[in-house]
Amino acid sequence: MLPPDIPQELAAIFAEEAAELLERLEQAAVVLGRGVDGDRARLVTQLRRDLHTLKGSAGTVGLADAAQACHALEDQLQ
């Protein structure tokens, strides 16, 4: 749940962006889980980029725990 002082417009933008990012993260993770070696480097780069974007967006709207979780996942992909 977003903090109550977040403007409605910003909350809507975050929700839309987060949904898109989470869908892409899930798709990339599924493909990586299948062990497709040819796309591995590209997929890991995409995962890191999307996690970084989600981390920043979550931090912007006051979701510190979500931002911290994204950061931890980024570290795991290093």
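On the α1 side, the contact is made by Phe-14, Glu-17, Ala-18, Leu-21, Leu-22, Arg-24, Leu-25, Ala-28, Ala-29, Val-31 and Leu-32. Facing them from α2 are Arg-40, Leu-43, Val-44, Gln-46, Leu-47, Asp-50, Leu-51, Thr-53, Leu-54, Ser-57 and Ala-58. Sorted by class, the α1 contact with α2 has 15 nonpolar residues, with three polar and four charged ones making up the rest.

All of this refers to a predicted model. Taken as a whole, the protein has three helices and zero strands, so the pattern read along the sequence is simply α-α-α. The C-alpha trace spans about 45 × 20 × 15 Å along its principal axes. Of the 78 residues, 28% count as buried. As for sequence range, take the contacts between residues at least 6 apart: 55% of these join residues at least 24 apart.

Helix α2 (residues 40-60) packs on α3 at an angle of about 160°, and the two axes lie 8 Å apart. That angle makes α2 roughly antiparallel to α3. The crossing of this pair is left-handed. From α2, the residues involved are Arg-48, Leu-51, His-52, Leu-54, Lys-55, Ala-58 and Gly-59, and they meet Ala-66, Ala-67, Cys-70, His-71, Leu-73 and Glu-74 in α3. By class, that gives seven nonpolar, three polar and three charged residues for the α2 contact with α3. Leu-51, Leu-54 and Ala-58 turn up in the α2 lists for the contact with α1 and for the contact with α3.

What ties the helices together on the nonpolar side? The largest nonpolar core has 18 residues, and Phe-14 and Leu-54 touch the most other members. Each of α1, α2 and α3 supplies at least two residues of this core, with the largest share, seven residues, coming from α1. Setting aside neighbours within four places in sequence, Phe-14 is in contact with Leu-2, Leu-54, Ser-57, Ala-58, Val-61 and Leu-63. Phe-14 and Leu-54, the pair that touch the most other core members, are thus in contact with each other.

Then there is Glu-74, a charged residue in helix α3 (residues 64-76). Is Glu-74 buried or exposed? With a relative accessible area of 10%, Glu-74 falls under the 20% cut-off, so it counts as buried. Leaving out its neighbours within four places in sequence, Glu-74 is in contact with Arg-48, Leu-51, His-52 and Lys-55.

Asp-5 and Cys-70 are 65 residues apart in sequence, and their C-alpha atoms are 23 Å apart in space.

Note on methods
Residues numbered from 1 in each chain as written. Predicted model: local features only at pLDDT ≥ 70, side-chain atom pairs only at ≥ 80, totals over all residues. Heavy atoms only, no water. Helix = DSSP H or I, 4+ residues; strand = E, 2+ residues; numbered from the N terminus. Buried < 20%, exposed > 50% of the residue type's maximum accessible area, 1.4 Å probe, protein only. Contact = heavy atoms within 4.5 Å. Axes fitted to C-alpha atoms, helices over the stretch in contact; angles between N-to-C directions. Parallel < 35°, antiparallel > 145°, perpendicular 65-115°, else oblique. Left-handed = near helix turned anticlockwise from the far one by under 90°. Core = buried A, V, L, I, M, F, W, Y, C linked by side-chain atoms within 4.5 Å.
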